[in-house]
Amino acid sequence: EAAEDREKFSAMIERLGLRQPANGIARNMSEARSIAEKIGYPILVRPSFVLGGRAMEICYDQSQLEKYVVAAFVAAQGQPVLIDSFLEGATEVDVDAISDGTDVIVPGIMEHIEEAGVHSGDSACAIPPYSLPGPVVKEIREAAVALARDLKVIGLMNVQFAVKWEDSKPIVYVIEVNPRASRTVPFVAKATGMPVAKIAAKVMAGVSLKEQG
């Protein structure tokens with residue numbers, strides 16, 4: 001719930017000192033309009049508690065907002081809808097981690113070839129990240145570990161980040177956290193030779209990462 005409820009998620013990101021795009025929570029159309037006005041277009045509309053990017057849309061003007069927010073409210077089934085600034089020209093990064101509640105390992109950091117905004121199910125990615133500077137990769141890894149610990153994840157977790165260059169500096173934003181297995185797990189396992197699913201399954205059955213070596 002902390003990862004999917006957009007208000008709780010925003011509070012967690014703030015508490016951990018991480019960054020997320022400028023955003024607001026809407027429970028009705030008038031709130032959605034005022035948030036869009038405050039943030040400025042383009043914006044991303046995202047319902048809480050949905051899988052596979054369902055009812056998630058990029059809006060470039062008010063007419064698109066009116067259309068897509070209605071669909072998001074239907075998909076969210078009474079849960080709040082997040083409206084956040086869409087980071088144009090950013091690089092998306094997928095991270096898979098395994099946590100046993102104490103220790104966290106990060107088997108894979110994947111850099112998307114398409115820019116952020118193309119759904120991860122429709123995009124290609126490279127492992128290891130081919131264009132990100134070492135300090136950025138380190139920051140991403142540390143953020144993933146902090147999120148896994150705060151959410152008390154036991155097993156697999158996937159985090160999506162966006163890296164946007166602002167004033168010649170790379171800024172790392174957290175887009176979303178999925179405390180579960182992701183579609184990227186088989187790719188990471190094949191690319192690294194690490195039996196990711198097996199390690200995570202043992203962790204969930206009570207065998208710590210330390211015990212697994």
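Does K152 count as buried, partly exposed or exposed, and at what relative accessibility does K152 stand? At 66% relative accessibility, K152 counts as exposed; the cut-offs are under 20% relative accessible area for buried and over 50% for exposed, with partly exposed in between, using a 1.4 Å probe and protein chains only. The legends below describe a predicted model, in which local features need pLDDT of at least 70 and side-chain atom pairs count only at pLDDT 80 or more, while totals for chains, interfaces and linings use all residues. Residues are numbered from 1 along each chain as its sequence is written, and side-chain values use heavy atoms, with hydrogens and water left out.

**View 1. The open sheet of five strands.** The sheet consists of 5 strands in the order β7-β6-β5-β8-β9, with antiparallel pairing. Its edge strands are β7 (125-126) and β9, each of which pairs on one side only. Helices (H or I, at least four residues) and strands (E, at least two) are DSSP runs numbered from the N terminus, and two strands pair if DSSP finds at least two bridges between them. Strands β5 (residues 91-100) and β8 (residues 154-166) run antiparallel and are joined by 10 bridges. Within this pairing, D96 has N158 of β8 as its bridge partner. Strands of a sheet pair through backbone hydrogen bonds, either parallel or antiparallel.

**View 2. The β8-β9 hairpin and its turn.** Strand β8 pairs with strand β9 (residues 169-178) in the antiparallel sense over 9 bridges. K164 stands opposite I171 in β9. The two strands form a hairpin with 2 residues between them. D167, in the loop between β8 and β9, has a positive phi of about 55 degrees although it is not a glycine. The relative accessibility of D167 is 77%, so D167 counts as exposed.

**View 3. Helix α6 against the sheet.** Helix α6 (residues 196-204) lies across β5, β6 (104-115) and β8. The helix runs at about 125 degrees to β8; axes are lines fitted to C-alpha atoms, for helices over the stretch in contact (heavy atoms within 4.5 Å), and angles run from 0 to 180 degrees between N-to-C directions.

**View 4. Strand β4 and its two partners.** Strand β4 (residues 81-85) is mostly covered, with 4 of its 5 residues buried. Strand β1 (residues 23-26) runs antiparallel to β4 and is joined to it by 4 bridges. G24 has I83 of β4 as its bridge partner. Strand β2 (residues 43-47) also pairs with β4 in the antiparallel sense, over 5 bridges. Here the bridge partner of L44 is D84 in β4.

View 5. A search of the whole structure finds 3 salt bridges, each defined as a side-chain nitrogen of Lys or Arg within 4 Å of a carboxyl oxygen of Asp or Glu. R15 forms a salt bridge with D150, and the closest N and O atoms are 2.4 Å apart. This pair links distant parts of the chain, since R15 lies in helix α1 (residues 6-15) and D150 in helix α4 (residues 134-150), 135 residues apart. R15 is exposed, with a relative accessible area of 54%, whereas D150 counts as partly exposed at 24% relative accessibility. E139 forms a salt bridge with R19, with the closest N and O atoms 3.5 Å apart. E139 lies in helix α4 and R19 in the loop between α1 and β1, so this pair ties together parts that are 120 residues apart in sequence. E139 is partly exposed at a relative accessible area of 32%, and R19 is partly exposed at 40%. The side chains of E142 and K138 also meet in a salt bridge, at 2.9 Å from N to O. Both residues lie in helix α4, 4 residues apart, about one turn of the helix.

**View 6. Backbone features in the loops.** The peptide bond from Y41 to P42 is cis, with omega near 0 degrees, and P42 lies in the loop between α2 (29-39) and β2. The peptide bond from I127 to P128 is likewise cis, with omega near 0 degrees; P128 is placed in the loop between β7 and α4. K152, in the loop between α4 and β8, has a positive phi of about 55 degrees although it is not a glycine.
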